[in-house]
Amino acid sequence: MHDVIILGAGISGLSAAKLLCEQGINVLVLEARDRVGGRTCTLHDPQFGYTDVGGAYVGPTQNCILRLAKELGVETYLVDDSQYSLAEIQGSVRRFSGVIPPIYNPIGLLDLNHAIRTIDKMVAEIPQETPWKHSNAKQLDCMTAKEFIEKIAWAESTRSFLNIFIRTVFCVEAHEISALSVLWAIKCGQGIDRICNIAGGAQERKFVGGAQMISERLAERIGRDRVRLKSPVVRVEQEAEGVTVTSEGGETFKGQFAISAVPHAILQRIHFHPPLPAMKGQLIQRMPMGSVIKTVTFYERAFWKERGFSGCSMSDTGPVDFSIDDTKPDGSHPAIMGFIQADTARRMSLDTLERRKEYVCKHYAKIFKMKEFLEPQDYVEMNWMEETYSGGCYSSSFGPGVLTSFGEALRQPVDRIHFAGTELANEWAGYMDGAVQAGERAAREVLHKLGKTGPAEGLQPELPPANASLAPAETSWLLGALPSVDTLLRFGGIALAAGLAWLFQSKL
Ligand SMILES: Cc1cc2nc3c(=O)[nH]c(=O)nc-3n(C[C@H](O)[C@H](O)[C@H](O)COP(=O)(O)OP(=O)(O)OC[C@H]3O[C@@H](n4cnc5c(N)ncnc54)[C@H](O)[C@@H]3O)c2cc1C
């Protein structure tokens with residue numbers, strides 16, 4: 001009999017297991033795959049050393065994952081964004097630095113600035129733990145992000161930028177996701193700037209040796225004998241005294257409590273006895289995973305850097321929506337990482353790997369205007385839609401109405417079963433940081449039930465590590481003070497009317 005049985009050896013399940021082990025709790029982790037790490041996956045090959053084809057980037061304010069990495073001795077390195085980025089928006093390709101893409105039309109720029117500041121203001125009002133309790137929750141939740149974008153954006157270029165944002169952050173099209181859930185995710189990630197930025201933002205750093213190393217080291221800490229690979233859980237039964245968990249091979253394991261750290265979207269494959277409560281049972285049918293193919297293309301030289309480009313690009317036509325340089329910190333194995341997302345990923349899933357490689361290289365050659373991109377040394381990719389035990393990536397999204405109707409059921413335990421996984425975090429949900437936070441929260445809930453700790457302790461916020469940069473992503477006062485196109489037109493209209501009236505009067 002174990003104290004706690006944990007389903008899933010991703011970062012969340014293993015973080016829960018580590019915290020419990022540290023309190024002397026006897027845990028067993030059951031993992032479906034033949035490896036730990038879940039949605040983080042680091043490939044190793046003599047050709048390119050190592051490369052992340054799953055979760056990879058971390059940045060300031062992601063305090064849980066940074067703290068954990070430090071404790072496990074996994075170092076980070078800075079992603080290079082010292083040179084120009086490129087944006088392909090509405091057929092024109094322009095270079096730029098920072099987050100805001102280059103829109104030379106001043107009206108377009110005003111509009112984009114205004115849309116971003118409007119979103120940031122609305123985000124400030126969202127309750128971080130319970131977005132469904134926002135005063136205007138129902139209205140925002142019943143609206144798709146597409147409708148929301150059409151409401152707040154005036155210029156086509158602003159709509160294009162915001163659509164790229166939705167695709168690259170959620171791996172869905174804007175019509176598939178609720179406006180409230182987008183605003184909540186922006187809240188969890190501390191604003192659009194923080195989410196989009198490389199320096200000072202969510203893409204600031206990568207792990208030396210790859211992100212899967214976090215889970216490898218966690219499994220070592222917990223004890224490899226407590227982490228059983230190739231053991232997909234198919235049944236969880238609850239009785240008055242405990243839980244019985246059955247794996248695909250028919251083996252059964254008994255525990256006092258269970259923590260499920262399996263993505264909600266694939267919980268439907270597990271039989272629960274008694275069945276999950278109505279709201280939980282319905283919620284897990286309504287959290288689909290995003291659609292993404294992560295690609296890494298290797299070259300002999302980082303010729304883009306020699307010509308002043310960092311390798312970072314965004315595009316509203318694709319196939320690569322977003323790219324970042326993926327050269328190792330010592331300059332070896334020059335590479336570009338590119339995401340194929342949402343509808344494009346679905347469409348390109350029907351192609352062969354060779355065709356996708358060709359499309360990706362042609363895309364880089366076109367937007368960077370460098371034909372060397374057509375001659376890669378190597379190409380690797382991972383189509384997360386094909387992964388049985390993920391069902392897609394980076395994480396689940398909430399369609400219209402789901403958060404307000406089912407949000408309360410998100411983190412609620414079901415008797416002896418507690419729930420973890422990045423989707424259940426209230427900071428950086430969908431990221432590795434959220435996975436740690438949600439795992440530790442579930443572990444503390446169980447510790448409390450085991451009489452090991454008071455409930456207040458389980459609710460304490462994470463302390464940032466000593467070396468964390470907590471500076472807020474900066475917005476200049478000028479950007480904050482610029483008017484919207486609407487205001488400008490209205491003001492301009494009034495000024496024009498007043499001018500004409502004055503002219504007319506002076507002629508009389
Ligand atoms: C392409 C891609 C890019 C990403 N980029 C970033 C990034 O740059 N930064 C960032 O912070 N995050 C990123 N993410 C997201 C990040 O990887 C995830 O948020 C995080 O790893 C989720 O951890 P988790 O433990 O909650 O879930 P998972 O990693 O999904 O872990 C769940 C585990 O449960 C197992 N499992 C499933 N079903 C069963 C079953 N029936 N029985 C037993 N085990 C089961 C799975 O195999 C898996 O190991 C990215 C993800 C992807 C795929």
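The legends below describe close-up views of a predicted model.

**View 1. A sheet of seven strands.** The strands of this open sheet follow the order E8-E7-E16-E17-E18-E15-E19, and their pairing is mixed. Strand E8 (92–96) and strand E19 (378–383) form the edges, each pairing on one side only. On average, neighbouring strands are turned by 15 degrees against each other, direction ignored. Strands of a sheet pair through backbone hydrogen bonds, in either a parallel or an antiparallel manner.

**View 2. The pairing of E15 with E19.** Strand E15 (residues 292–298) runs antiparallel to E19, and six bridges link the pair. Ile293 has Asn383 of E19 as its bridge partner.

**View 3. Helix H6 on the sheet.** Helix H6 (residues 156–170) packs on the sheet and touches strands E7 (84–89), E16 (309–315), E17 (322–325) and E18 (335–341). The direction of H6 makes about 105 degrees with that of E16.

View 4. His273 and Pro274 are joined by a cis peptide bond with omega of about -5 degrees. Pro274 is found in the loop between strand E14 (271–273) and helix H10 (278–283). The bond from Gly318 to Pro319 is also cis, with omega near 10 degrees, and Pro319 lies in the loop between E16 and E17.

View 5. His333, a residue other than glycine, has a positive phi near 50 degrees. This residue, His333, sits in the loop between E17 and E18 and is partly exposed, with a relative accessible area of 28%. Ala342 is not a glycine either, yet its phi is positive, at about 50 degrees. Ala342 belongs to helix H12 (residues 342–348) and is buried, with a relative accessible area of 0%.

Definitions and conventions. Residues are numbered from 1 along each chain as its sequence is written. This is a predicted model: local features need pLDDT of at least 70, side-chain atom pairs count only at pLDDT 80 or more; totals for chains, interfaces and linings use all residues. Side-chain values use heavy atoms; hydrogens and water are left out. Two strands pair if DSSP finds at least two bridges between them. Helices (H or I, at least four residues) and strands (E, at least two) are DSSP runs, numbered from the N terminus. Axes are lines fitted to C-alpha atoms, for helices over the stretch in contact, and angles run from 0 to 180 degrees between N-to-C directions. Contact means heavy atoms within 4.5 Å. Buried means under 20% relative accessible area, exposed over 50%, partly exposed in between (1.4 Å probe, protein chains only).
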